[in-house]
Amino acid sequence: MRFRHHPRTASRVVEGAAIVVGIDSNRLYVLNGTGTRIWQELSEPRTLAHLVESLRAHHAVAEAAARDDCHRFCDDLLKKGLLDCVE
């Protein structure tokens, strides 16, 4: 399974923080540095494993912690309608 930005979102990175708008929900979300890093990776469909490795390459974090962070982030954004899954 790969994750990507939901087609009905709009986003921009401003001063290091991603600002994401769910068009259907008309809600605005501001992501922290880690969330912004993951969001930027998701401009193309990515697997959870890819996101974990990318996070580890840019931050000094253990694999288990990176996996947990990426999983929670993707799960949360899926529930908010900001991410989409592709096979």
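Q: What makes two strands a pair?
A: Two strands pair if DSSP finds at least two bridges between them. Helices (H or I, at least four residues) and strands (E, at least two) are themselves DSSP runs, numbered from the N terminus. A word on the source: this is a predicted model, where local features need pLDDT of at least 70, side-chain atom pairs count only at pLDDT 80 or more, and totals for chains, interfaces and linings use all residues. Residues are numbered from 1 along each chain as its sequence is written, and side-chain values use heavy atoms, with hydrogens and water left out.

Q: How do you know that strand 1 pairs with strand 5?
A: Strand 1 (residues 2–5) and strand 5 (residues 46–47) are joined by 2 bridges and run antiparallel. The definition asks for at least two, so they count as a pair. Across this pairing, Arg2 stands opposite Thr47.

Q: What makes strand 1 and strand 6 a pair?
A: Here there are 4 bridges, in the antiparallel sense, between strand 1 and strand 6 (residues 83–86). Arg4 stands opposite Asp84 in strand 6.

Q: Why are strand 5 and strand 6 called edge strands?
A: The open sheet has 3 strands in the order 5-1-6, with antiparallel pairing. Strand 5 and strand 6 each pair on one side only.

Q: Why are helix 2 and helix 3 called oblique?
A: The axes of helix 2 (residues 48–58) and helix 3 (residues 63–79) come within 9 Å and cross at roughly 125 degrees. Axes are lines fitted to C-alpha atoms, for helices over the stretch in contact, with angles from 0 to 180 degrees between N-to-C directions. Angles under 35 degrees count as roughly parallel, over 145 as roughly antiparallel, 65 to 115 as roughly perpendicular and the rest as oblique. Helix 2 and helix 3 are therefore oblique to each other.

Q: Which residues of helix 2 make the contact with helix 3?
A: Contact means heavy atoms within 4.5 Å. Leu48, Leu51, Val52, Leu55 and Arg56 of helix 2 make it, with partners in helix 3 including Glu63 and Cys74.
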